[in-house]
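Reader: I am new to this structure and would like a close look at a single part of it. Please take me through that part slowly.

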Amino acid sequence: MNDKHESPIIYVISDSIGETAEFVVRAAASQFNGGDADVRRVPYVDSKEAIDDILDAAFEEGALIAFTLVVPELQAYLTDRASEKGISHVDIMGPMLNALEGLYKRTPKMEPGLVRKLDEDYFRKVEAIEFAVKYDDGRDPRGLLRADVVLIGVSRTSKTPLSMYLAHKRIKVANVPLVPEVPPPDELFRIPGNKIIGLTIDADHLNRIREERLKALGLTAKANYANMARIESELAYSRDVMQRLGCHVINVSTKAVEETANVILDMIRQGLTKE
(Lines give C-alpha, C1' and ligand atoms only; values in the text may rest on other atoms or scores of the structure.)
Protein backbone atom coordinates (compact mmCIF):
# COMPACT_ATOMS: atom_id res chain seq x y z
CA MET A 1 0.00 0.00 0.00
CA ASN A 2 1.29 3.48 -0.86
CA ASP A 3 2.50 5.29 2.29
CA LYS A 4 0.93 8.54 1.09
CA HIS A 5 -2.52 7.17 1.94
CA GLU A 6 -3.67 6.69 5.50
CA SER A 7 -6.57 4.49 4.45
CA PRO A 8 -6.46 1.48 2.14
CA ILE A 9 -7.71 2.19 -1.35
CA ILE A 10 -10.30 -0.10 -2.90
CA TYR A 11 -11.49 0.28 -6.47
CA VAL A 12 -14.98 -1.06 -6.99
CA ILE A 13 -15.52 -1.88 -10.65
CA SER A 14 -18.89 -2.73 -12.17
CA ASP A 15 -20.47 -2.97 -15.61
CA SER A 16 -23.64 -1.62 -13.98
CA ILE A 17 -24.03 1.05 -11.31
CA GLY A 18 -21.92 -0.85 -8.76
CA GLU A 19 -24.07 -0.26 -5.68
CA THR A 20 -24.12 -3.94 -4.72
CA ALA A 21 -20.34 -4.30 -4.91
CA GLU A 22 -19.73 -1.12 -2.93
CA PHE A 23 -22.15 -2.24 -0.23
CA VAL A 24 -20.33 -5.57 0.14
CA VAL A 25 -16.94 -3.86 0.26
CA ARG A 26 -18.01 -1.36 2.89
CA ALA A 27 -19.69 -4.08 4.95
CA ALA A 28 -16.47 -6.10 4.93
CA ALA A 29 -14.29 -3.05 5.63
CA SER A 30 -16.44 -2.18 8.64
CA GLN A 31 -14.87 -5.17 10.39
CA PHE A 32 -11.50 -3.37 10.33
CA ASN A 33 -11.28 -0.23 12.46
CA GLY A 34 -14.79 0.86 11.59
CA GLY A 35 -14.37 0.56 7.85
CA ASP A 36 -11.83 3.35 7.32
CA ALA A 37 -11.25 2.74 3.62
CA ASP A 38 -11.05 4.91 0.55
CA VAL A 39 -13.66 3.19 -1.64
CA ARG A 40 -13.72 4.43 -5.23
CA ARG A 41 -16.61 3.14 -7.25
CA VAL A 42 -16.19 3.03 -11.05
CA PRO A 43 -19.57 2.21 -12.65
CA TYR A 44 -20.50 1.22 -16.20
CA VAL A 45 -17.12 -0.24 -17.14
CA ASP A 46 -17.64 -1.73 -20.60
CA SER A 47 -14.24 -1.82 -22.30
CA LYS A 48 -10.74 -3.25 -21.86
CA GLU A 49 -9.34 0.26 -22.16
CA ALA A 50 -11.29 1.40 -19.11
CA ILE A 51 -10.07 -1.64 -17.19
CA ASP A 52 -6.45 -0.87 -18.15
CA ASP A 53 -6.77 2.70 -16.83
CA ILE A 54 -8.14 1.48 -13.51
CA LEU A 55 -5.48 -1.22 -13.19
CA ASP A 56 -2.70 1.31 -13.82
CA ALA A 57 -4.06 3.56 -11.08
CA ALA A 58 -4.54 0.63 -8.68
CA PHE A 59 -0.96 -0.55 -9.32
CA GLU A 60 0.50 2.89 -8.55
CA GLU A 61 -1.54 3.24 -5.39
CA GLY A 62 -1.22 -0.32 -4.09
CA ALA A 63 -5.00 -0.63 -4.18
CA LEU A 64 -7.31 -3.61 -3.97
CA ILE A 65 -9.81 -4.20 -6.76
CA ALA A 66 -13.29 -5.57 -6.11
CA PHE A 67 -15.47 -6.18 -9.15
CA THR A 68 -18.87 -7.34 -10.34
CA LEU A 69 -18.33 -7.78 -14.06
CA VAL A 70 -20.78 -10.28 -15.52
CA VAL A 71 -19.58 -10.03 -19.12
CA PRO A 72 -17.24 -13.05 -19.33
CA GLU A 73 -14.73 -11.40 -21.69
CA LEU A 74 -14.24 -8.36 -19.45
CA GLN A 75 -14.18 -10.50 -16.34
CA ALA A 76 -11.41 -12.71 -17.76
CA TYR A 77 -9.44 -9.72 -19.03
CA LEU A 78 -9.48 -7.97 -15.66
CA THR A 79 -8.50 -11.13 -13.80
CA ASP A 80 -5.61 -11.92 -16.16
CA ARG A 81 -4.22 -8.37 -16.27
CA ALA A 82 -4.56 -7.88 -12.49
CA SER A 83 -2.69 -11.14 -11.89
CA GLU A 84 0.07 -10.09 -14.27
CA LYS A 85 0.51 -6.82 -12.39
CA GLY A 86 0.30 -8.46 -8.98
CA ILE A 87 -2.80 -6.48 -8.03
CA SER A 88 -5.05 -8.05 -5.40
CA HIS A 89 -8.54 -8.53 -6.84
CA VAL A 90 -11.81 -10.02 -5.64
CA ASP A 91 -14.62 -11.28 -7.84
CA ILE A 92 -17.72 -10.51 -5.77
CA MET A 93 -20.34 -11.89 -8.14
CA GLY A 94 -18.55 -14.88 -9.70
CA PRO A 95 -18.63 -17.45 -6.87
CA MET A 96 -22.33 -16.85 -6.25
CA LEU A 97 -23.13 -17.14 -9.97
CA ASN A 98 -21.24 -20.43 -10.15
CA ALA A 99 -23.08 -21.82 -7.13
CA LEU A 100 -26.49 -20.74 -8.47
CA GLU A 101 -25.73 -22.17 -11.90
CA GLY A 102 -25.46 -25.58 -10.28
CA LEU A 103 -28.65 -25.00 -8.33
CA TYR A 104 -30.74 -23.73 -11.26
CA LYS A 105 -29.18 -26.20 -13.73
CA ARG A 106 -28.88 -23.47 -16.37
CA THR A 107 -26.44 -20.74 -17.30
CA PRO A 108 -26.92 -17.17 -16.03
CA LYS A 109 -27.99 -14.40 -18.41
CA MET A 110 -24.73 -12.51 -17.95
CA GLU A 111 -26.59 -9.23 -18.45
CA PRO A 112 -25.37 -6.15 -16.54
CA GLY A 113 -27.81 -4.18 -14.39
CA LEU A 114 -30.44 -6.85 -13.71
CA VAL A 115 -30.46 -6.18 -9.96
CA ARG A 116 -31.30 -2.55 -10.58
CA LYS A 117 -34.03 -3.56 -13.02
CA LEU A 118 -35.49 -5.84 -10.35
CA ASP A 119 -35.35 -3.00 -7.82
CA GLU A 120 -37.12 -0.63 -10.22
CA ASP A 121 -39.76 -3.28 -10.88
CA TYR A 122 -40.29 -3.73 -7.14
CA PHE A 123 -40.69 -0.02 -6.49
CA ARG A 124 -43.16 0.33 -9.37
CA LYS A 125 -45.22 -2.43 -7.77
CA VAL A 126 -45.11 -0.74 -4.35
CA GLU A 127 -46.11 2.56 -5.92
CA ALA A 128 -49.07 0.93 -7.69
CA ILE A 129 -50.23 -0.76 -4.47
CA GLU A 130 -50.03 2.50 -2.54
CA PHE A 131 -51.98 4.17 -5.34
CA ALA A 132 -54.72 1.52 -5.22
CA VAL A 133 -55.08 1.93 -1.45
CA LYS A 134 -55.14 5.72 -1.61
CA TYR A 135 -57.74 5.90 -4.37
CA ASP A 136 -59.89 2.96 -3.35
CA ASP A 137 -63.67 3.32 -3.20
CA GLY A 138 -63.69 6.84 -4.67
CA ARG A 139 -61.89 8.36 -1.67
CA ASP A 140 -60.11 11.05 -3.67
CA PRO A 141 -61.48 11.74 -7.19
CA ARG A 142 -58.23 13.49 -8.16
CA GLY A 143 -56.61 10.09 -8.42
CA LEU A 144 -58.86 9.21 -11.36
CA LEU A 145 -56.90 11.59 -13.58
CA ARG A 146 -53.61 9.82 -12.73
CA ALA A 147 -54.81 6.23 -12.92
CA ASP A 148 -53.88 3.80 -15.68
CA VAL A 149 -57.30 2.18 -15.30
CA VAL A 150 -60.46 3.19 -13.44
CA LEU A 151 -62.93 0.54 -12.26
CA ILE A 152 -66.56 1.42 -11.65
CA GLY A 153 -69.51 -0.66 -10.49
CA VAL A 154 -72.07 -1.21 -7.77
CA SER A 155 -71.10 -2.62 -4.40
CA ARG A 156 -69.78 -6.22 -4.36
CA THR A 157 -68.51 -6.32 -7.94
CA SER A 158 -64.92 -6.96 -6.73
CA LYS A 159 -63.58 -3.47 -7.43
CA THR A 160 -61.17 -3.42 -4.48
CA PRO A 161 -59.69 -6.93 -4.86
CA LEU A 162 -59.33 -6.31 -8.60
CA SER A 163 -57.53 -3.03 -7.91
CA MET A 164 -55.06 -4.77 -5.61
CA TYR A 165 -54.52 -7.68 -7.99
CA LEU A 166 -53.74 -5.31 -10.86
CA ALA A 167 -51.53 -3.20 -8.60
CA HIS A 168 -49.32 -6.24 -8.09
CA LYS A 169 -48.94 -6.19 -11.87
CA ARG A 170 -47.65 -2.60 -11.55
CA ILE A 171 -50.86 -1.00 -12.86
CA LYS A 172 -52.19 2.09 -11.11
CA VAL A 173 -55.91 1.53 -10.51
CA ALA A 174 -58.55 3.74 -8.94
CA ASN A 175 -62.11 2.60 -8.37
CA VAL A 176 -65.42 4.35 -7.89
CA PRO A 177 -68.61 2.85 -6.42
CA LEU A 178 -71.80 3.63 -8.32
CA VAL A 179 -74.66 4.50 -5.99
CA PRO A 180 -77.90 6.07 -7.31
CA GLU A 181 -78.02 8.61 -4.47
CA VAL A 182 -74.44 9.78 -5.03
CA PRO A 183 -73.55 11.45 -8.37
CA PRO A 184 -70.28 10.17 -9.90
CA PRO A 185 -67.35 12.58 -9.46
CA ASP A 186 -66.83 15.11 -12.25
CA GLU A 187 -63.32 13.73 -12.79
CA LEU A 188 -64.83 10.49 -14.09
CA PHE A 189 -66.19 12.37 -17.09
CA ARG A 190 -62.89 14.10 -17.74
CA ILE A 191 -60.91 10.96 -18.58
CA PRO A 192 -61.16 8.93 -21.81
CA GLY A 193 -63.92 6.34 -21.70
CA ASN A 194 -61.54 3.62 -22.86
CA LYS A 195 -59.54 3.97 -19.62
CA ILE A 196 -62.65 3.13 -17.61
CA ILE A 197 -63.87 -0.41 -17.06
CA GLY A 198 -67.41 -0.97 -15.87
CA LEU A 199 -68.03 -4.05 -13.76
CA THR A 200 -71.53 -5.41 -14.00
CA ILE A 201 -73.18 -8.50 -12.53
CA ASP A 202 -76.41 -10.45 -12.82
CA ALA A 203 -79.04 -9.39 -10.29
CA ASP A 204 -79.63 -12.90 -8.89
CA HIS A 205 -75.92 -13.46 -8.41
CA LEU A 206 -75.47 -10.10 -6.70
CA ASN A 207 -78.44 -10.83 -4.46
CA ARG A 208 -76.82 -14.05 -3.21
CA ILE A 209 -73.47 -12.32 -2.63
CA ARG A 210 -75.06 -9.50 -0.66
CA GLU A 211 -77.18 -11.86 1.43
CA GLU A 212 -74.04 -13.78 2.39
CA ARG A 213 -72.30 -10.54 3.21
CA LEU A 214 -75.14 -9.48 5.50
CA LYS A 215 -75.09 -12.85 7.25
CA ALA A 216 -71.35 -12.51 7.83
CA LEU A 217 -72.01 -9.15 9.46
CA GLY A 218 -74.76 -10.66 11.63
CA LEU A 219 -77.50 -8.69 9.87
CA THR A 220 -80.80 -9.85 8.44
CA ALA A 221 -80.77 -10.83 4.77
CA LYS A 222 -83.94 -8.76 4.33
CA ALA A 223 -82.04 -5.49 4.63
CA ASN A 224 -82.41 -3.04 1.75
CA TYR A 225 -78.81 -3.80 0.69
CA ALA A 226 -79.90 -7.25 -0.53
CA ASN A 227 -83.40 -6.27 -1.60
CA MET A 228 -84.01 -7.39 -5.19
CA ALA A 229 -85.81 -4.20 -6.19
CA ARG A 230 -82.94 -2.15 -4.80
CA ILE A 231 -80.40 -4.27 -6.66
CA GLU A 232 -82.29 -3.90 -9.94
CA SER A 233 -82.38 -0.15 -9.40
CA GLU A 234 -78.62 0.03 -8.72
CA LEU A 235 -77.77 -2.07 -11.77
CA ALA A 236 -80.01 0.03 -14.02
CA TYR A 237 -78.31 3.17 -12.71
CA SER A 238 -74.85 1.67 -13.26
CA ARG A 239 -75.72 0.66 -16.84
CA ASP A 240 -76.83 4.23 -17.52
CA VAL A 241 -73.58 5.69 -16.17
CA MET A 242 -71.46 3.22 -18.13
CA GLN A 243 -73.36 4.02 -21.31
CA ARG A 244 -72.81 7.74 -20.77
CA LEU A 245 -69.09 7.15 -20.27
CA GLY A 246 -68.77 4.83 -23.27
CA CYS A 247 -66.51 2.55 -21.26
CA HIS A 248 -65.59 -1.13 -21.51
CA VAL A 249 -67.99 -3.38 -19.60
CA ILE A 250 -67.20 -6.77 -18.05
CA ASN A 251 -69.79 -9.07 -16.49
CA VAL A 252 -68.15 -10.55 -13.39
CA SER A 253 -71.06 -12.86 -12.42
CA THR A 254 -69.21 -16.11 -13.10
CA LYS A 255 -65.63 -14.83 -13.03
CA ALA A 256 -63.10 -15.15 -10.27
CA VAL A 257 -61.03 -12.04 -9.54
CA GLU A 258 -58.05 -13.55 -11.37
CA GLU A 259 -60.15 -14.18 -14.48
CA THR A 260 -61.47 -10.63 -14.60
CA ALA A 261 -57.99 -9.28 -13.98
CA ASN A 262 -56.63 -11.31 -16.90
CA VAL A 263 -59.34 -9.89 -19.17
CA ILE A 264 -58.27 -6.38 -18.13
CA LEU A 265 -54.59 -7.22 -18.58
CA ASP A 266 -55.36 -8.46 -22.09
CA MET A 267 -57.10 -5.15 -22.81
CA ILE A 268 -54.04 -3.27 -21.59
CA ARG A 269 -51.69 -5.40 -23.71
CA GLN A 270 -53.87 -4.75 -26.75
CA GLY A 271 -53.78 -1.01 -26.05
CA LEU A 272 -57.51 -0.79 -25.46
CA THR A 273 -57.04 1.40 -22.38
CA LYS A 274 -54.60 3.83 -23.99
CA GLU A 275 -55.57 7.46 -24.46
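In which kind of crossing, left-handed or right-handed, does α7 pass α8?

Author: This is a predicted model, in which local features need pLDDT of at least 70, side-chain atom pairs count only at pLDDT 80 or more, and totals for chains, interfaces and linings use all residues. Residues are numbered from 1 along each chain as its sequence is written, and side-chain values use heavy atoms, with hydrogens and water left out.

The crossing in which α7 passes α8 is right-handed, a term for the near helix being turned clockwise from the far one by less than a right angle. Helices are DSSP runs (H or I, at least four residues), numbered from the N terminus, as are strands (E, at least two). The axes of α7 and α8 lie 10 Å apart, and the two helices pack at an angle of about 120°, where axes are lines fitted to C-alpha atoms, for helices over the stretch in contact, and angles run from 0 to 180 degrees between N-to-C directions. The two helices α7 and α8 are therefore oblique to each other, the word for angles that are not under 35 degrees (roughly parallel), over 145 (roughly antiparallel) or 65 to 115 (roughly perpendicular).

On the α7 side, the contact (heavy atoms within 4.5 Å) is made by Ala203, Asp204, Leu206, Asn207 and Arg210, and on the α8 side by Met228, Ile231, Glu232, Glu234 and Leu235. Among the residues of this contact of α7 with α8, 5 are nonpolar, 4 charged and 1 polar.

Note on methods: Ala, Val, Leu, Ile, Met, Phe, Trp, Tyr, Cys and Pro count as nonpolar, Asp, Glu, Lys and Arg as charged, and the others, Gly among them, as polar.
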